[in-house]
Structure formats: C-alpha cells, structure tokens
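Dear colleague,

Please find below the structure that I am handing over to you, with its sequence. My findings follow directly after it.

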Amino acid sequence: RRTQALAGRYELMPEQCWNTRPAWQRVAVAPGAVTGSGGGGSSIGTVGGDFPKFLFFWPETGHWVIGPELHSAHTALARNGPCRWAAESPDRCAGRWSSLNGAS
C-alpha cells in the first residue's frame, strides 16, 4: 500500500524551490486522464484527497528523501542513502529505498 502511495510521476520543481540539489513534486493525475506525451490531465497538487509528496536531497545525512513536506526529512516516508552526496539526482543512487513511518 505504501508503495502505491509513493509511486507515480514526479515533476522537477522550479529552481527557487531547491535546496542543495534539485527537488521534485509528485504530479496528481485526474482519474481517467490519459497520461504520457502530450496527454494532459496532470497538475501539481492533489487529486481525490491524495497528499502532496516531494522528492529531495537531505544534505545533513546524504539521503534522498520522499515525504509530505519539502525539505523536512523528519516526516519522511521513504529514503535512499545515507552518504549519497555524489549523486546529483535520485536516479543515480544504487540500492533500495527504506520505508519510514513519517514521524521523527
């Protein structure tokens, strides 16, 4: 169930939203919308009560993090790392993602 909640398409956020590395936000897809190249139907935000998800780098520990708050690793739902300082984006990280409970 948690995998389904975190899975989806993430879009690169504007550079002013970044910290030390790029940040992404999960794209909400309207039910029944056609996705893919030029399909439309998606927007940043929430659809059907889904909560926002962000993918960002946490420089204090070197983790790539997915969570409901941008630049807050304390509420993270999943992470990859530690010591991923050389990875400029999460697709450069080998290894598994760890599921977390979203509480510090």
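A residue is called buried under 20% relative accessible area, exposed over 50%, and partly exposed in between (1.4 Å probe, protein chains only). Because its relative accessibility is 0%, Asn80 counts as buried.

The model is predicted, so local features need pLDDT of at least 70 and side-chain atom pairs count only at pLDDT 80 or more, while totals for chains, interfaces and linings use all residues. Numbering starts from 1 along each chain as its sequence is written, and side-chain values use heavy atoms, without hydrogens and water.

Asn80 lies in strand β6, residues 78-80 (strands are DSSP runs of E, at least two residues, numbered from the N terminus). Its side chain forms a polar contact of 2.8 Å with the side chain of Arg84; the term denotes a pair of N or O atoms within 3.5 Å, of which, within protein, one must be able to donate a hydrogen and the other to accept it, and residues adjacent in sequence count only if both atoms are side-chain atoms. Beyond its neighbours within four places in sequence, Asn80 is in contact (heavy atoms within 4.5 Å) with residues including His63, Trp64 and Cys93.

The largest nonpolar core has 11 residues, among them Leu6, Trp64, Ala87 and Cys93. Such a core is a set of buried Ala, Val, Leu, Ile, Met, Phe, Trp, Tyr and Cys residues joined through side-chain atoms within 4.5 Å. Strands β4 (54-58) and β5 (63-67) each supply at least two residues of this core.

Cys93 is buried, because its relative accessible area is 13%, whereas Cys83 counts as exposed at 53% relative accessibility. The structure holds zero disulfides (pairs of cysteine sulfur atoms within 2.5 Å).

Kind regards

Terms used:
Helix = DSSP H or I, 4+ residues; strand = E, 2+ residues; numbered from the N terminus.
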